[in-house]
Amino acid sequence: MPTNSAVRLIRNDRLAKTVEYAYAAVADAPVRSIWVAGACPLDLDGNTVAVGDYAGQTHQVMRNLVTALEGAGASLTDVAKTTVYVASSNQADLVAAWEVYREYMGEHDVPSTLLGVAVLGYHDQLVEVEAVAVIPG
């Protein structure tokens, strides 16, 4: 993690070590907080990409998340918490999205919630990721 990040990830030896995320994140003041709307699998024209493809949509979602963060002066390493929504009740679909999400997050394994939901807002949308980031204030 870059030394200029305001986010410090917390591990805990009394909780399972097999999870792919930190259990908590701390941001000491002063910081600038950034709440990112759910990143969706939309192209510049507002069309849903990779229809029917959980991994393909997650790639677009993560690219859009990176772009949204950049617009606020942040990057993925400034993220303190995410929520990953997958429109499926099939655990394999959630895992497909999670694996792509983890590719982008790399070693910055922030606290995250992975949810299977019934439906998402855009036509043919299967994946959405929302994030909270902080940067040094």
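**View 1. Asp 93 in helix H2.** In this predicted model, Asp 93 is part of helix H2, which covers residues 91-105. Asp 93 is buried, yet no salt bridge is found for this residue. The nearest side chain of opposite charge belongs to Arg 63, and it is 18 Å away.

**View 2. The surroundings of Asp 93.** The side chain of Asp 93 makes a polar contact of 2.6 Å with the side chain of Ser 88. When neighbours within four places in sequence are left aside, Asp 93 is in contact with Tyr 54, Val 86 and Ser 88.

**View 3. The open sheet.** Four strands form an open sheet in the order E3-E6-E4-E5, and their pairing is mixed. Strand E3 (31-39) and strand E5 (112-117) are the edge strands, each pairing on one side only. From one strand to the next, the twist averages 10 degrees.

**View 4. Strands E4 and E5.** Strand E4 (residues 79-87) and E5 run parallel and are joined by 6 bridges. Thr 83 has Thr 113 in E5 as its bridge partner.

**View 5. Helices and the sheet.** Helix H1, made of residues 54-71, lies across E3, E4 and strand E6 (127-136). The angle between H1 and E6 is about 25 degrees. Helix H2 also packs on the sheet, where it touches E4, E5 and E6. The direction of H2 makes about 150 degrees with that of E4. Asp 93, shown in the opening views, lies in this helix.

Technical notes. Residues numbered from 1 in each chain as written. Predicted model: local features only at pLDDT ≥ 70, side-chain atom pairs only at ≥ 80, totals over all residues. Heavy atoms only, no water. Helix = DSSP H or I, 4+ residues; strand = E, 2+ residues; numbered from the N terminus. Buried < 20%, exposed > 50% of the residue type's maximum accessible area, 1.4 Å probe, protein only. Lys, Arg positive; Asp, Glu negative; His and termini not counted. Salt bridge = Lys/Arg side-chain N within 4 Å of Asp/Glu carboxyl O. Polar contact = N/O pair within 3.5 Å; in protein donor to acceptor, adjacent residues only side chain to side chain. Contact = heavy atoms within 4.5 Å. Pairing = 2+ DSSP bridges. Axes fitted to C-alpha atoms, helices over the stretch in contact; angles between N-to-C directions.
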